[in-house]
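Please look over the sequence and structure below.

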Amino acid sequence: MGGREDSRASVDRMTILVTGATANIGRKVVDQLVAQGANSIRALTTDPKKAALPAGVEVAEGYLRRPDTLPAAFEGVERMYLAPAPENVTEVLALARAAGVRRVVDLSGEPESWWGTVCTAVEESGLDWTHLWPADFMENTLIWSQQIRETGAVREPWPNAASAPVAMDDIAAVAATALLSDTHSGRAYPLAGPEVLSRTELLDRIASALGRDLRFEESSRAETIAALTPTMGDNAEWYVDNVLGGYQPDPSSLPVTSVQDITGRPATTFTQWAAGNAGRFVTG
């Protein structure tokens, strides 16, 4: 796969649109494009006055779920990062193609996943594409923050369930690399962090970052939903049933070298991420 040896597309003559540019990953894609030398970046946001984007980034007002706001944002764009909007992705892509967009790097999932409609629609759009299929986000552990603050414990049913969570900043780095290089066309990239960790190991690393003892308490489905509801609201039940209780992959099959293979730089470890985000677990 790519890395630093990639042939680069010309960044001087190419306008790149980042949709969802003030959302968690989209905002990081903007930063990564700037860091990698792109100098014609357009950022789609619903509130340009509050966007606080880097100097030199063009701001366009619009929203993927309001297609009537998109034609002006698409004008003159050659490539775009597509945040997941499964409800109307086909219409969005048709507008993009009509405006002259040629290539899409999408955040989605395998065709059978809950974001699979996005990658299917992208492939059917006639546009050139690269799919990013991330594993569990490291940032998802922030759903534990309230329990950690209030009880010093995390309640979940499967303490030994293993995954290789990936940092959102690393996903954004891969997206920027794919947007700026011609070598990733037609590729679907499963993305994972650099190490396989159980739920208890994740909590142990958060405890080390906070400098305090934390407990993992094995709990029932109902207890877990109750513990997560103050943070996740109505999404807690879906999360427990579809993410915590979903398919657990064979750890040996996880693409733990994917970020480095594509970007040429080491992926963020969970220890590094926890150290850099410790404050988010102690403030409400």
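## A pair of helices

Helices α8 and α9 lie oblique to each other, because their axes cross at roughly 125°, and angles from 65 to 115 degrees would count as roughly perpendicular while those over 145 would be roughly antiparallel. This is a predicted model. Helix α8 covers residues 221–232 and helix α9 covers residues 235–244. Their axes come within 8 Å. The crossing of α8 past α9 is right-handed.

Which residues in α8 meet α9? They are Arg 221, Thr 224, Ile 225, Leu 228, Thr 229 and Met 232. On the α9 side, the partners are Asn 235, Ala 236, Glu 237, Tyr 239, Val 240, Asp 241 and Leu 244. By class, this contact has seven nonpolar, three polar and three charged residues.

## Helix α4

Helix α4 spans residues 116–124. Its buried residues are Gly 116, Val 118, Cys 119, Ala 121 and Val 122. They pack against two kinds of element. The strands are β4 (79–82), β5 (103–107) and β6 (128–134). The helix is α3 (89–99).

Gly 126 follows α4. The phi of Gly 126 is positive, near 90°.

## A loop residue

Leu 53 sits in the loop between β2 (41–45) and β3 (58–61). Is Leu 53 buried or exposed? Its relative accessibility is 16%, so Leu 53 counts as buried; the cut-off is under 20%.

Beyond its sequence neighbours up to four places away, Leu 53 touches Ala 21, Arg 27, Val 30, Ala 43 and Val 59. Asp 31 is 22 residues from Leu 53 along the chain, and their C-alpha atoms are separated by 8.6 Å.

Definitions and conventions
Residues numbered from 1 in each chain as written. Predicted model: local features only at pLDDT ≥ 70, side-chain atom pairs only at ≥ 80, totals over all residues. Heavy atoms only, no water. Helix = DSSP H or I, 4+ residues; strand = E, 2+ residues; numbered from the N terminus. Buried < 20%, exposed > 50% of the residue type's maximum accessible area, 1.4 Å probe, protein only. Contact = heavy atoms within 4.5 Å. Axes fitted to C-alpha atoms, helices over the stretch in contact; angles between N-to-C directions. Parallel < 35°, antiparallel > 145°, perpendicular 65-115°, else oblique. Left-handed = near helix turned anticlockwise from the far one by under 90°. Nonpolar A, V, L, I, M, F, W, Y, C, P; charged D, E, K, R; others polar.
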